[in-house]
Each structure stands twice: as structure tokens, then as C-alpha cells.
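Visitor: Could you walk me through this one before I set anything up?
Guide: Gladly; here it is.

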Amino acid sequence: MSLGAVLLLLFLGLLVARVPVAAALGAAALWVLWAGRLGLGVVSYNFQAGIAKFPLLAIPFFILAGVVMDRAGIAERIVRLTVALVGRVRAGAAVASVAVTMFWGAVSGSGPATVAALAPILVPMMTRRGYDKPFASVLVAAAAELSIIIPPSIAFIVYATIVSGSIAEQFLAGFLPGLVMGLVLMAGAAWMVSRRGWDQEPDPDTQRVPVGRLLREAFWGLLTPLVILGGIYGGVFTPTEAAVVAVAWGLFVGFFVYRTLRVRDLLGMLYEASVSSAVVMAIVAWAGIFAWTADTVGLVRDLSRAAMALAGRPYLFLALLNLVLLFLGTLMDAVSIYFVTVPMLIPVLHHLGWDPVWFGVMMTVNLAIGQITPPVAVNLFVAARVNQVPIEQLWRQAWLFAALGVAGLVVITYVPWISQVLPRLLYGR
Amino acid sequence: MGLEGYLAALVLAGMVVVAFANVLARYLFHFPLAATEELVTNGFVWLTLLGIAAGLREGAEGAHIRFVALTDRLPPAGRRWAAAFGYGVTAAVFGVLAYFALAQARDEMLLDVRSPSLNLPNWLYTGPTPVLALWVAVRALQGAGRVLRG
């Protein structure tokens with residue numbers, strides 16, 4: 001058996017045997033480097049160089065910013081405002097939940113973090129209006145997919161680093177596709193809610209709410225995406241700088257405006273962000289070594305050639321690629337999928353003259369759907385845990401939302417304009 | 001929260017302060033602290049290893065992402081062994097890393113490798129890596145013991 005096959009099979013074998021993804025990637029790579037006498041000594045250099053990259057610093061900083069803004073109570077105030085604004089329409093609670101989650105996508109770059117921040121607020125709000133708890137939990141988990149499509153996005157940071165592209169441009173490309181996915185989800189959720197006969201009368205509570213006061217309360221939180229994205233696209237900050245400014249902004253709002261944070265909260269927030277960041281970065285580091293090994297033993301070249309054979313029929317190739325990515329998305333997390341598949345797809349992209357920025361958006365939408373499809377569905381697991389619903393009750397409902405995601409994916413795949421128009425306008429390519 | 005948790009929080013706080021100071025220096029005083037990039041990116045390596053160690057102690061099987069659908073079908077004893085195996089592989093991988101990171105740090109000390117912007121001895125950055133990688137390996141072994149005891 002060739003070393004490339006050993007690498008792939010060993011990884012998959014360890015993965016299904018409950019070995020953490022990072023360790024499974026690392027162990028397969030180490031074994032092949034040793035068996036092929038390729039020099040294990042590079043591992044230490046690769047591990048450290050794979051992490052010590054300035055653009056990747058945006059990952060811990062955006063994670064910390066999300067934790068700070070969650071604890072500062074920014075989400076709660078935005079939920080109150082949104083419910084007051086759209087709570088009067090039919091299925092208003094569902095529409096408001098998707099809208100809030102889309103907004104939070106412009107604050108947070110991680111799906112599970114968005115679920116953890118919003119599900120404890122949104123799910124009780126929906127159940128009070130008569131929604132069934134598993135449905136409400138799945139809705140939040142599905143809408144949280146948008147966190148990795150709407151900028152900022154940890155997935156885009158990793159993708160842009162692998163293809164050596166611009167993170168700022170990749171972020172911008174995700175904006176309209178995120179909006180499209182959000183609208184598809186909103187319409188689908190409203191339809192499902194109406195069919196079940198929930199939430200058809202305007203909520204009497206929202207009639208009396210003073211919208212002006214809620215707007216004043218939410219104002220500082222509403223400015224957050226402006227600080228992050230305005231800073232990046234005004235040409236003021238790099239994405240990494242924008243992330244650290246977002247941390248400072250969250251601390252400012254929490255300590256001085258809302259006065260919801262105390263100094264003793266800092267340790268817990270820093271700890272939580274450190275662990276969440278390390279979970280992602282462990283995979284980045286070992287997947288980088290795995291990808292390097294795959295390239296060295298010729299696996300990347302072989303798979304690339306196989307993919308190239310199909311590239312003569314681009315539409316069919318795209319459809320097949322989407323199916324493979326959706327399948328991988330059900331088994332693995334987004335970061336490892338990028339490292340395993342992107343290096344072999346780059347030559348194909350060049351060959352077909354496809355735009356890597358659009359391609360990154362399409363890939364990410366696939367992997368976003370993977371966040372709610374069993375068996376590995378990070379968003380669903382978090383939603384089940386924070387709302388104390390048995391995960392089995394979420395599986396059945398999740399497929400409906402995954403189907404909505406696929407509808408959005410088809411549009412984004414075959415209409416590249418949606419992903420390309422904003423980067424073209426701003427960067428003139 | 002174990003010692004690595006406090007250390008991780010401290011390193012992350014330091015990274016935020018240095019990176020934010022750099023932004024301020026650049027925009028308010030037009031005085032970029034380009035050299036700080038080196039401090040922050042190397043701190044990121046320590047943060048990651050400390051965070052990995054801390055994550056291994058969260059919950060029964062650690063915070064790290066893994067595929068459980070297949071092994072969940074096993075009887076409880078089989079599942080425990082699978083979890084212990086996962087911890088064991090983690091320990092082995094980081095043990096190997098610790099070994100080669102020690103070699104790297106020793107080489108850098110011997111050859112007097114200097115950091116690119118601050119011109120510091122590079123082993124100041126890479127020296128802690130073998131210790132931290134070993135720390136991860138030890139926490140993983142402890143995790144294996146924990147799940148086997150049930």
C-alpha cells in the first residue's frame with residue numbers, strides 16, 4: 001500500500017475509533033513520516049510555524065470578543081429590540097430569532113459559540129409563544145450556521161490562510177451569501193411554523209413595548225459590527241487588529257456603558273476563550289502537518305489528478321464536489337476539511353480559472369450545513385446541551401433545516417455573482 | 001481550573017494588551033511597534049498548548065472535537081476503552097512533539113539562532129514548547145486513567 005493510502009486510512013481509522021480529530025491527523029502524519037523515513041524532526045518546526053502566524057491571531061481574539069460581548073449582555077438587548085420590531089408579524093418569534101442570529105454572525109465567527117450565546121435567550125422566548133422546544137433549538141442551531149459565512153468567520157480565516165488569499169476580501173465575499181442563506185432560512189422557518197399552527201396571533205406583550213427605549217439600550221451593541229467591519233473595510237484595521245479592537249470595544253461596553261461586567265469576570269472569560277481557541281488551533285497545527293505530509297508522499301498530486309479528470313465537465317464536477325463536501329461535513333469539522341481537501345483542489349481551480357474567493361464561500365456554505373447534520377453536528381450538540389433537550393429529538397427536525405441550507409447552497413454555487421460583487425466593488429478586481 | 005488554565009488566561013491577556021497597544025501606537029502616535037508581532041505570535045503557540053492541556057480536563061472526555069457516533073453503539077466498557085484509546089493517542093502525539101521540540105530548542109541554543117525582529121535568542125520562544133507539549137501528554141494520560149476508572 002502506498003504511503004498516501006496509509007496516511008488517509010490511518011486517519012479515518014483513528015477518527016472513527018473516538019480519537020480527537022487533531023490527534024488522529026497528527027498520529028497518521030507522524031506514522032507516515034516515520035515509516036517513509038521522511039524526517040520526524042520537521043514536526044516541531046511545522047507545529048510552531050503553523051500556529052505562529054499573524055493572520056491566525058484573529059481566531060483567539062474574535063473568540064474572546066464573542067465571549068466578552070455575550071457576557072456583557074449585548075445579545076439580550078438586541079433580542080429584546082428585534083422581538084419588539086418583528087414580533088408583531090406571523091411566526092414573528094422564528095423570524096426574529098433568525099434575524100438576531102444573523103446579526104450575531106456579524107459579531108461572532110464561530111457557529112457553536114453563537115448557539116451558546118443565543119440559544120439560552122431565544123429558545124425560551126420561542127417556547128413561551130407555543131413553539132416546541134426541539135424545533136426552537138434546531139432553528140437556532142441552523143441559523144448559527146451563518147456565523148461562519150457572515151464576516152467575521154473563523155472558517156474564512158483558515159481558508160484564506162491556506163490559499164494565501166486576503167482575509168478581508170474573503171470576509172466581504174461572505175456577506176451577501178450569508179444574507180441569502182438567512183432569508184431562505186427565515187422563509188422556510190416561517191412556513192414550518194405556520195404549518196404547525198404556532199405563533200399566528202400577534203403577541204400582546206410586544207404591543208406595549210417602548211421601542212425607543214429598547215433602541216437606546218441596544219444602541220451600543222448594534223454599533224459592534226460597524227466597529228469590526230467598518231474598521232476593516234474603511235482600511236483602518238487588518239482583520240487581526242479589528243478582532244483585538246472588538247475585544248476592547250466589548251470590554252468598554254460591558255464595564256462602562258452597561259456596567260454588566262466585573263473585574264473578577266475577566267479570568268473566566270479569558271479561560272473560556274483560551275480553551276475554545278486551542279480546540280480550533282490544535283486542529284490547525286496538526287492538520288497543517290497532515291497536509292504537508294500528504295503533499296510530500298504525493299497524495300495531493302494523485303488526488304488532484306483524479307479530480308482533474310472530472311474537471312472537463314465543470315457543472316457535474318461542481319455538483320459532485322458539493323456532494324463530497326456535504327458528506328465530509330457530516331463526519332468532520334470545517335477546519336480539518338479545509339486542510340485535507342483545499343491543497344488538492346487548488347490546481348483544479350487554476351486549471352478551470354475559478355475564483356478562489358467564490359470557491360471558499362461555496363465550500364464554507366457546505367461545511368456550515370455540516371454543522372447541523374448528524375453524526376458530527378457541533379451546533380446541534382451545543383443547542384441540545386444548553387437547552388437540555390435530548391439530542392435524538394433534534395435529529396429528526398435537523399434534516400428539514402439542512403434541506404433549506406442545500407437550497408441556499410445551490411443558489412450560491414451556480415450564481416457566483418452573489419459572492420463576487422462586493423469584493424469587486426471594493427477591491428476592483 | 002488547573003494551573004494551565006490560569007497560565008493560558010494570563011498569556012491571552014498579555015497578547016490582547018500587546019496587540020491593542022500596537023493598534024493604539026500605530027493610529028494615535030504613528031509609531032508602529034512592528035517588533036511586538038513576534039511576541040504575540042510566539043505567545044500564541046504557548047496559549048495553544050496550555051489551552052489544549054486545559055481542554056483535556058473539561059468534562060469526562062475533554063473539550064476536543066471527535067467523532068463519537070460509531071463508538072457510542074458499543075457497550076459502556078467498550079466506549080470507555082475507546083475514550084481511553086483516544087487519550088492515549090493524544091498523549092503519544094504530544095509526547096513525540098515534546099521530544100522533537102526539545103531537540104529544536106537545543107539546536108537553537110547551540111547555534112545561537114536569533115529572533116527576526118527583536119534579535120532575542122530564539123530559544124526564549126521555543127524553549128517552553130517541549131515542557132508544554134509534555135504537559136499536554138501528561139494530562140492526556142491522566143484523562144485515560146480517569147475514563148478507565150469510570
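**Loops, helices and the chain contact**

Guide: Pro375(A) has its place in the loop between helix 19 (356–370) and helix 20 (378–387) of chain A, and please keep in mind that this is a predicted model.

Visitor: What kind of peptide bond joins Pro374(A) and Pro375(A)?
Guide: The bond joining Pro374(A) and Pro375(A) is cis, with omega at about 5°.

Visitor: And what about the peptide bond from Pro151(A) to Pro152(A)?
Guide: The bond from Pro151(A) to Pro152(A) is cis too, with omega near -5°, and Pro152(A) sits in the loop between helix 8 (133–143) and helix 9 (154–162) of chain A.

Visitor: Since you mention helix 9 of chain A, how do helix 4 and helix 9 of chain A pack?
Guide: Helix 4 (residues 58–71) of chain A packs with helix 9 of chain A at an angle of about 175°, their axes being 10 Å apart. The two helices of chain A, helix 4 and helix 9, are therefore roughly antiparallel to each other.

Visitor: Which residues make that contact?
Guide: From helix 4 of chain A come Ala58(A), Ile59(A), Phe62(A) and Ile63(A), while helix 9 of chain A brings Ile154(A), Ile157(A) and Val158(A). By class, this contact of helix 4 with helix 9 of chain A has seven nonpolar residues, no polar and no charged ones.

Visitor: Switching to the two chains, how many residues does the contact take from each?
Guide: The contact takes 53 residues from chain A and 56 residues from chain B. About 4,800 Å² is buried between chain B and chain A, and carbon and sulfur atoms give 78% of that area.

Visitor: Which residues in chain B lose the most area to chain A?
Guide: In chain B those are Phe44(B), Ile65(B) and Phe67(B), which together account for 16% of what that side buries.

Visitor: Where does Phe44(B) go, then, and which residues does it meet with its neighbours in helix 2 of chain B?
Guide: Phe44(B), Val45(B), Thr48(B) and Leu49(B) in helix 2 of chain B meet Phe47(A), Gln48(A) and Ile51(A) in helix 3 of chain A. The residues of this contact of helix 3 of chain A with helix 2 of chain B divide into five nonpolar, two polar and no charged.

Visitor: At what angle do those two axes cross?
Guide: The axes of helix 3 (residues 42–51) of chain A and helix 2 of chain B cross at roughly 105° and come within 8 Å. Helix 3 of chain A and helix 2 of chain B are therefore roughly perpendicular to each other.

Visitor: How does helix 2 of chain B lie against helix 3 of chain B?
Guide: The axes of helix 2 (residues 36–56) and helix 3 (residues 76–110) of chain B come within 13 Å and cross at roughly 160°. That makes helix 2 of chain B roughly antiparallel to helix 3 of chain B, and helix 2 of chain B passes helix 3 of chain B in a left-handed crossing.

Visitor: Which side chains are involved there?
Guide: Leu49(B), Ile52(B) and Leu56(B) in helix 2 of chain B meet Tyr87(B), Thr90(B), Phe94(B) and Leu97(B) in helix 3 of chain B. The residues of this contact divide into six nonpolar, one polar and no charged.

Visitor: What about charges, how many salt bridges are there?
Guide: The structure holds 12 salt bridges over all chains, and the count between chain B and chain A is three. Glu61(B), for instance, forms a salt bridge with Arg18(A), with the closest N and O atoms 2.9 Å apart.

Conventions:
Residues numbered from 1 in each chain as written. Chains lettered and ligands numbered in written order. Predicted model: local features only at pLDDT ≥ 70, side-chain atom pairs only at ≥ 80, totals over all residues. Heavy atoms only, no water. Axes fitted to C-alpha atoms, helices over the stretch in contact; angles between N-to-C directions. Helix = DSSP H or I, 4+ residues; strand = E, 2+ residues; numbered from the N terminus. Parallel < 35°, antiparallel > 145°, perpendicular 65-115°, else oblique. Left-handed = near helix turned anticlockwise from the far one by under 90°. Contact = heavy atoms within 4.5 Å. Nonpolar A, V, L, I, M, F, W, Y, C, P; charged D, E, K, R; others polar. Buried area = accessible area lost by both parts, 1.4 Å probe. Salt bridge = Lys/Arg side-chain N within 4 Å of Asp/Glu carboxyl O.
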